Amino acid sequence: VQLQASGGGLVRPGGFLRLSCAASGTISSINSMSWYRQAPGGERVFVAASTSGGSRTDYADSVKGRFTISRDNAKKTVYLEMNTLQPEDTAVYYCKAYLKPTIGPPGDFWGTGTLVTVSS
């Protein structure tokens, strides 16, 4: 099982980016898909989650009203639309999925990170 994140880059304050994270491999089911971020010198923190198969979403207070998480279950992909980006949003963004592989127990699987830099 692999999760590949993409869509990061350099954007000016007030700008927009859309991140994607696609899961691949032999997967039976995906329960939740989430985004976390790690700023330079900081810890990895929760950003947003799509749970219960996609019927529920949760956000960190710092991104509520600016970020939107969505997912395409058929494509096993989660998205993060980020609006009104600010310099404090600069971080490496990671996706995580709680899923059941075809073989083996269910658990958390982390994806590669994608760097978002917000700077003028």
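A polar contact is a pair of N or O atoms within 3.5 Å; within protein, one of them must be able to donate a hydrogen and the other to accept it. Keep that in mind for the first stop. The model on your screen is a predicted one.

**Stop 1: Arg66**

Select Arg66, which you will find in the loop between β6 (56-59) and β7. Is Arg66 buried or exposed? Its relative accessibility is 16%, and buried means under 20%, so Arg66 counts as buried.

Now show the side chain of Arg66 and follow it to Thr84, where it reaches the backbone oxygen at 2.9 Å.

**Stop 2: the four-stranded sheet**

Switch to a cartoon view and pick out β1, β3, β8 and β7. In that order they form an open sheet with antiparallel pairing. Which strands stand at the edges? They are β1 (2-6) and β7 (67-72); each has a single partner strand, so one side of each is left without a neighbour in the sheet. From one strand to the next, the twist averages 15°.

Zoom in on β1 and β3 (residues 17-24), an antiparallel pair joined over five bridges. For one example, select Leu3 and look across to its bridge partner in β3, Ala23.

**Stop 3: the aromatic rings**

Next, show the side chains of Tyr36, Phe46 and Trp110, which ring pairs link into a cluster. The model has two aromatic pairs in total by the ring-pair rule. In one of them, Tyr36 and Phe46, the ring centres are 5.7 Å apart and the planes meet at 75°, so the pair is edge-to-face. Tyr36 lies in β4 (residues 27-38) and Phe46 in β5 (residues 44-51), so this pair ties together parts that are ten residues apart in sequence.

Tyr36 counts as buried at 17% relative accessibility, whereas Phe46 is partly exposed, with a relative accessible area of 29%.

**Stop 4: charges over rings**

Finish with two arginines. Select Arg18 together with Tyr79: the charged end of Arg18 sits over the tyrosine ring, 4.2 Å from its centre. Then select Arg44 and Tyr94, where Arg44 lies over the face of the ring at 3.7 Å from the ring centre.

Definitions and conventions:
Residues are numbered from 1 along each chain as its sequence is written. This is a predicted model: local features need pLDDT of at least 70, side-chain atom pairs count only at pLDDT 80 or more; totals for chains, interfaces and linings use all residues. Side-chain values use heavy atoms; hydrogens and water are left out. Two strands pair if DSSP finds at least two bridges between them. Helices (H or I, at least four residues) and strands (E, at least two) are DSSP runs, numbered from the N terminus. Axes are lines fitted to C-alpha atoms, for helices over the stretch in contact, and angles run from 0 to 180 degrees between N-to-C directions. Buried means under 20% relative accessible area, exposed over 50%, partly exposed in between (1.4 Å probe, protein chains only). Rings of Phe, Tyr and Trp (its six-membered ring) pair if their centres lie within 6.5 Å; planes under 30 degrees apart count as stacked, over 60 as edge-to-face and the rest as tilted. A charge sits over a ring if NZ of Lys or CZ of Arg is within 6 Å of the ring centre and within 35 degrees of the ring normal.
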